[in-house]
Amino acid sequence: MPRVFFRADGNEKIGLGHIMRCLALAEMLQTHFECVFLIQAPSVLLKQQIEASGSFVISLPQQEVDANEVTEELSKHITSQDMIILDGYTFQTAYQKALKNLSIKVVCIDDIPNGLYYADAIINHTGGFSSTDYKTAQPAHFYLGPQYALLRTNFLAAKRSIPHIFICFGGADPENYTMQMLQTCFTHHARSVLEVVIGSANQHQQQLSDLQQIHSNLHIHYNLSAQEMVELMARCDIGITSASTIAYEYLSTGGRLFVIQTASNQKHLFQFLVSEGLAEEGTISNLNKALNPSNKIATLFDGQQAKRLRQVFFDLSIKIQQANLNDAQALYNWANDPITRSQSFSTEPIVWDQHLTWFQRKLNDPQSDLLIAWFGEEAIGQVRFDHRTDYTLISYGLAPKYRGHGLGYSILRLAIDWLTTRRNTKNLWGYVKLSNPASMRAFEKLAFERNHTTDYPETYLYTLNLK
């Protein structure tokens with residue numbers, strides 16, 4: 001795993017605040033990074049506390065905190081492949097510059113902007129600051145405000161109960177309103193538990209089943225009995241249904257209902273439910289109001305801080321390189337993963353000989369760029385650019401173990417950065433199946449525009465104009 005070093009000090013004189021918030025950050029990172037603390041003369045108890053949390057401690061001698069410490073002590077432990085986090089008011093410009101001279105990534109946790117920063121990223125979880133409050137000697141990324149609060153895991157988990165949402169559009173749902181509503185929930189309410197009921201006549205069962213493998217918060221229920229149905233409805237705070245008998249059934253359990261007219265014969269019931277205040281129209285704006293916390297505290301402390309901060313360090317750690325023949329086996333394994341095949345436009349398994357022929361052709365094709373994303377010493381995904389006359393087509397994929405961490409966005413962003421420094425590309429295109437909300441989020445986060453298309457069934461076309 002990649003290594004992250006934390007440089008902070010703490011004792012009975014200066015307190016332990018800097019170390020405690022570094023410890024909180026280490027808890028967030030240690031599933032994917034090896035975390036090491038560099039501390040001047042730590043007490044036995046402090047060292048035990050840090051090591052008990054899963055991190056390592058290196059004791060530094062008591063000395064002046066200046067650039068000499070970097071060259072004399074830190075250089076013994078840190079390599080150019082590592083990253084260091086500085087938390088403390090003594091790690092000033094000269095100290096940071098000395099670290100950059102070692103060719104390592106530097107992250108500053110600093111809530112009092114002061115002096116010139118030689119940092120790749122700056123984290124300040126105090127509200128009210130902007131990037132203009134900092135003076136930097138090089139391009140830096142800023143992560144500011146309570147959305148990046150450095151809280152221990154217990155406090156991040158101390159949230160109100162997650163809402164359960166009941167979704168049912170009848171046993172058949174031929175127009176697949178279920179999938180459309182799931183896309184809305186995945187995009188805007190990713191933390192909600194989604195309880196979806198379908199019947200044996202539903203023609204989209206496999207698509208929904210594939211989606212369930214990707215999203216742990218999605219539960220698909222088939223052919224429930226009346227008793228099972230009422231028990232499920234009673235557990236759900238919110239219901240999203242068609243304007244049919246199922247709407248009355250849900251209302252009888254006392255939940256808050258959002259109703260959608262899915263057929264012409266539902267017009268009158270739909271109008272009655274909405275006009276009488278028994279239900280609200282199931283528009284995206286109404287659902288956003290209902291499912292998002294209305295108070296500012298809930299918005300700021302939404303429990304996603306750890307995910308955001310992990311994303312920061314993933315972005316700093318991932319490297320993009322052009323593929324070579326040694327990467328053929330990894331791409332073959334990723335491409336034949338069941339979930340990858342289900343999200344591809346050709347779902348048949350790939351034969352090795354055909355893959356190798358295709359791979360060698362792509363490597364030699366001047367109109368293609370095949371890139372590998374590396375996390376430390378491990379290849380974690382691929383991005384391919386196929387250059388056409390009027391646009392460049394993007395396809396990408398992740399190794400199965402690295403899905404679900406927002407890395408699709410990271411490798412896409414870094415690959416596009418790589419591309420724009422090497423080719424005069426103006427228009428980027430990417431096709432995404434409706435059953436792949438993770439890819440949809442990645443493209444939308446990168447400001448791609450979503451378009452309907454008839455090129456492939458149940459697919460969106462994402463486009464970005466690079467000016």
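**Exercise 1.** Determine how helices H1 and H13 are oriented towards each other, and state which residues form their contact.

*Solution.* Helix H1 (residues 17-29) packs against helix H13 (residues 305-317) at an angle of about 80°, and their axes lie 9 Å apart. Helices here are DSSP runs (H or I, at least four residues) and strands likewise (E, at least two), numbered from the N terminus. Axes are lines fitted to C-alpha atoms over the stretch in contact, with angles from 0 to 180 degrees between N-to-C directions. Since 65 to 115 degrees counts as roughly perpendicular, H1 and H13 are therefore roughly perpendicular to each other. In the contact (heavy atoms within 4.5 Å), Leu25, Met28 and Leu29 of H1 meet Ala306, Leu309, Arg310 and Phe313 of H13. By class, this contact of H1 with H13 has six nonpolar, no polar and one charged residues; Ala, Val, Leu, Ile, Met, Phe, Trp, Tyr, Cys and Pro count as nonpolar, Asp, Glu, Lys and Arg as charged, and the others, Gly among them, as polar.

The model is predicted: local features need pLDDT of at least 70, side-chain atom pairs count only at pLDDT 80 or more, and totals for chains, interfaces and linings use all residues. Residues are numbered from 1 along each chain as its sequence is written, and side-chain values use heavy atoms, without hydrogens and water.

Note on methods: Parallel < 35°, antiparallel > 145°, perpendicular 65-115°, else oblique.
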